[in-house]
Amino acid sequence: MTKFFALFTLIFQLFLFAESNVVYDIRGASPLLDANMSQFLDKWRNDTITPVQNGIYKNVLVNGDPSRKNIALTFDDAPDENNTYKLLDILKSHHVQGAFFMIGGTMRDTNATVVKRTFDEGHLVLNHTFNHPRLSDLNESTIVYQLDHAAMRMESITGHYPLLMRPPYGSINPIVVDTINAQGLTTVLWSLDSLDWTLKDPDAVVTNVLSNIRNGDIILMHRNPTSVGALAKVIEQLTSMGYTFLRLDELLGIKAYR
Ligand SMILES: [Zn+2]
């Protein structure tokens with residue numbers, strides 16, 4: 001009986017281990033995308049996620065643990081002097097901590113204040129390159145410059161060098177992935193695209209997110225007015241559906257800073 005129980009426990013643990021390593025397909029749909037754009041997006045999702053699922057791209061993360069009702073919010077393309085503040089206000093009033101993948105080159109003067117505030121309020125200030133280029137078009141040394149120059153600017157403002165990066169447009173190839181890994185950084189993509197950049201309607205974003213949500217999802221939003229308009233409802237409704245918002249590093253169980 002004891003042996004049987006031990007065997008059962010082992011099988012159960014193996015099952016859990018396999019489950020927790022599942023790499024999701026990316027979800028999120030918009031009726032506003034034309035046929036060309038839909039096709040482009042599907043191709044990108046397939047070309048990018050399949051090598052992650054097959055273990056060809058190492059150290060590229062798409063989602064958290066599918067067996068728990070935990071999720072994380074991520075916001076790309078901050079800082080600016082308007083929408084980033086509004087996102088921070090909403091997160092603060094809902095006691096949720098997000099991850100901001102920021103563009104190093106836009107962190108000047110007054111913009112640095114919002115970067116500091118983001119960090120001070122417990123959100124992550126993470127690397128989204130220096131100038132937001134398509135990294136798959138660049139050579140290795142230019143990719144390194146984009147990553148390191150951005151990270152150093154973030155460190156000069158927050159005191160912390162980010163270890164997590166998100167490639168602009170999710171654009172990666174084997175050279176990009178190898179270069180990021182050689183820098184000791186981890187690539188973090190997303191599993192649920194709010195499609196705020198194309199829907200441009202907060203209610204449509206809420207519907208898209210709620211109808212596609214899964215355990216462990218990393219949700220992609222941007223510092224744009226659509227996500228500002230959708231954020232409170234997204235948080236409130238997912239909370240009422242039983243989901244818990246974790247900060248990205250907690251969801252993934254990894255270190256955010258050096
Ligand atoms: Zn971006």
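**Chatting through a predicted zinc-site model**

Q: Let's start with glutamine 237. Which residues does glutamine 237 touch, not counting residues up to four places away in sequence?
A: Glutamine 237 touches Val206 and Leu210 once residues up to four places away in sequence are set aside. Keep in mind that this is a predicted model.

Q: How many residues apart along the chain are glutamine 237 and leucine 210?
A: They are 27 residues apart along the chain, and their C-alpha atoms are separated by 7.8 Å.

Q: Which helix is glutamine 237 in, and is the residue buried, partly exposed or exposed?
A: Glutamine 237 sits in helix α9, which covers residues 225–240. With a relative accessible area of 33%, the residue is partly exposed, because that value falls between the 20% limit for buried and the 50% limit for exposed.

Q: Okay, on to the metal. Which residues coordinate the zinc ion?
A: Asp77 through OD, and His128 and His132 each through NE2, at 2.0 to 2.1 Å. Written as a sequence pattern, the donor residues are spaced D-x50-H-x3-H.

Q: Are those histidines buried or exposed?
A: Buried. Histidine 128 has a relative accessible area of 1%, and histidine 132 has 17%. The 17% still counts as buried because the cut-off is under 20%.

Q: Which other non-glycine residue has a positive phi, of about 50 degrees?
A: Lysine 200 does. You'll find lysine 200 in the loop between α7 (196–199) and α8 (202–212).

Q: Let's talk strands. How many residues of β8 are buried?
A: Five of its five residues, so strand β8 (residues 218–222) is mostly covered.

Q: Which way do the β8 residues point?
A: Ile218, Leu220 and His222 point one way, while Ile219 and Met221 point the other way. In a regular strand, side chains alternate between the two faces of the sheet.

Q: What does β8 pair with?
A: Strand β2 (residues 70–78) pairs with β8 in the parallel sense over five bridges, and leucine 73 has isoleucine 219 as its bridge partner in β8. Strand β7 (residues 192–193) also pairs with β8 in the parallel sense, over two bridges. There, aspartate 193 stands opposite leucine 220.

Q: Switching to the hydrophobic side: which residues of the largest nonpolar core touch the most other members?
A: The core has 75 residues, and the ones touching the most other members are Leu73, Leu126, Ile219, Met221, Leu231, Leu238 and Leu248.

Q: What is around leucine 248?
A: Beyond the residues up to four places away in sequence, leucine 248 touches Ala72, Thr74, Ala99, Phe101, Leu124, Leu126, Leu164, Val188 and Ile218.

Q: And what about aspartate 249: buried or exposed?
A: Aspartate 249 is buried, with a relative accessible area of 11%. It lies in helix α10 (residues 248–252). Leaving out residues up to four places away in sequence, aspartate 249 touches Leu124, Ile254 and Ala256.

Q: I also flagged isoleucine 143. Where does it lie?
A: Isoleucine 143 lies in helix α5 (residues 140–158) and counts as buried at 0% relative accessibility. Beyond its neighbours within four places in sequence, it is in contact with Leu135, Leu138, Ile175, Val176 and Thr179.

Q: How far apart are isoleucine 143 and arginine 108 in space?
A: They are 21 Å apart, C-alpha to C-alpha, with 35 residues of separation in sequence.

Note on methods
Residues numbered from 1 in each chain as written. Predicted model: local features only at pLDDT ≥ 70, side-chain atom pairs only at ≥ 80, totals over all residues. Heavy atoms only, no water. Donors = N, O, S within 2.8 Å, 3.2 Å for Na, K, Ca; no water. Buried < 20%, exposed > 50% of the residue type's maximum accessible area, 1.4 Å probe, protein only. Core = buried A, V, L, I, M, F, W, Y, C linked by side-chain atoms within 4.5 Å. Contact = heavy atoms within 4.5 Å. Helix = DSSP H or I, 4+ residues; strand = E, 2+ residues; numbered from the N terminus. Pairing = 2+ DSSP bridges.
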